[in-house]
Amino acid sequence: MYLTKEEEKILNGEYGWGLAKAMQVIVSVGDSLNSEKLINIAHAHISGVSYGNIGEPGKKLIKQFADEGIKFSVKTTVNPIGYDTMDYDAIPFTRIDKSYIIGQEEILRSLNKMGADLTLSCTPYYLPNVNEIKKGSSVAWGESNAVVYGNSVLGIKTNREGGPISLMAAIIGKIYYYGLHIEKNRIPEIKYKIHKPEDYEINEVRAGIIGEIISKIHNNDKPPYLEEKLKNDTTIKEFSASLGAAGNLAMVVINGITPIRFDEKEIKETITIDFNDIKKREEELKPNGRPDLIYFGCPHTNKHEIEKIANNLKKINNLKTKIIITTSRKEISKLDRDALNILRSKDVKLISDTCLIVSPFGYKGLNIVTNSYKAYFYLTKRGIKVSLISIDNLEEVLRL
Ligand code: F3S
């Protein structure tokens, strides 16, 4: 890989152990991918900051950097951890022990010392200074839903970086020029059409199922192109999260949404998804029987989604099922007072810094309902029964 004189100096340790270590990791991965050079990044989002995920080795490495006085070279935000920092017991059916909290707090102190913004949210794209990053800029993001959303909606460029790579990239402010940083790799070759009657709406649950279907059949290095115009941000977000979870994809071109120009002549194949297949899967994933818990917030909900949930709950008396919502503190601070009052009166819990998947939530056989395909994908692996319902149909499940 070509390195500038300055990059070589960093690699050779002229600026100390920490920067050299980060540069070594980035350069060696870049070399193994045959990347020709390094490029500057405008932002980093670090996933894998949860003590439950990186444990003692991860904690020690981050602390070592912080103790060396290493600072992040670019604005850096971080993903959720295993609990709400203001209320350790906020998530029902979850036990967080003291050693977990001690380990986690050490990680957060180190990240803070290095200059990270401790957003503890997987939707950095809702933050004003992040969603204003110039289109076409390269970043290093490590949370799969954010990676898909960033590439596909904001038009910024990132590969799907693992936690350690986004950490090292944030330290040196650079990443290898590879994959989706290269313009031609962002041009789709396969188009997906949804065959459906005009009045068949694609809500967020159906969008998650479409993500699952595309993930299973997409066998091309370039991002898929969805011809269907997705209507609102919830749908786009759940679609992005589903593609990232079920399919390891890092980008999708969405008609009318993705800021990219390409010639339709580049499309080599068109695949049609029949709405009956979406309907069939939706039927399989439908709740039957009253759940132990209803969960919204994977990825973290935004203000509008929370207000919509509150509005749907307005007319429900005698709520028998516990509802929890995970979101960022920033979104809670934007909430309308009426929505907050409704949620409070229904004992709906707003939880920050965490989510059911990153936390050690649940046990085999627990029965939950959510609108998130990604939550379904990961929680079912723990033996939890998960069914799906749109926020718009919340009432249906509350009447079970
Ligand atoms: Fe976010 Fe947790 Fe889902 S980190 S995308 S809410 S798995």
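Lys237 forms a salt bridge with Glu305, with 2.8 Å between the closest N and O atoms. In this predicted model, the count of salt bridges between domain 2 and domain 3 is 1. On the side of domain 2 that touches domain 3, helix H8 (204-217) and helix H9 (233-247) each supply at least two residues; H9 gives the most, with 8 residues. The residues of this side comprise 6 charged, 4 polar and 4 nonpolar.

The domain assignment divides the chain into domain 1 (5-183), domain 2 (187-283) and domain 3 (287-398). The contact involves 14 residues from domain 2 and 18 residues from domain 3. The centres of these two domains, taken over C-alpha atoms, are 25 Å apart. About 1,300 Å² is buried between domain 2 and domain 3, and carbon and sulfur atoms give 50% of this area. Of the area that domain 2 buries against domain 3, Val205, Lys237 and Ala245 supply 35%, more than any other three residues.

Backbone geometry was also examined. Most residues other than glycine have a negative phi, and most peptide bonds are trans. Leu120, in the loop between helix H4 (98-113) and helix H5 (128-131), has a positive phi of about 45°. Leu120 counts as buried because its relative accessibility is 3%. Asp347 has a positive phi near 60° and lies in the loop between helix H13 (337-345) and strand S12 (349-352). At 52% relative accessibility, Asp347 counts as exposed. A cis peptide bond, with omega about -15°, joins Cys298 and Pro299; Pro299 lies in strand S10 (residues 293-301).

Note on methods. Residues are numbered from 1 along each chain as its sequence is written. This is a predicted model: local features need pLDDT of at least 70, side-chain atom pairs count only at pLDDT 80 or more; totals for chains, interfaces and linings use all residues. Side-chain values use heavy atoms; hydrogens and water are left out. Helices (H or I, at least four residues) and strands (E, at least two) are DSSP runs, numbered from the N terminus. Buried means under 20% relative accessible area, exposed over 50%, partly exposed in between (1.4 Å probe, protein chains only). Domain bounds come from an automatic or database domain assignment. Contact means heavy atoms within 4.5 Å. Buried area is the accessible area (1.4 Å probe) that two parts lose on being put together, summed over both. A salt bridge is a side-chain nitrogen of Lys or Arg within 4 Å of a carboxyl oxygen of Asp or Glu. Ala, Val, Leu, Ile, Met, Phe, Trp, Tyr, Cys and Pro count as nonpolar, Asp, Glu, Lys and Arg as charged, and the others, Gly among them, as polar.
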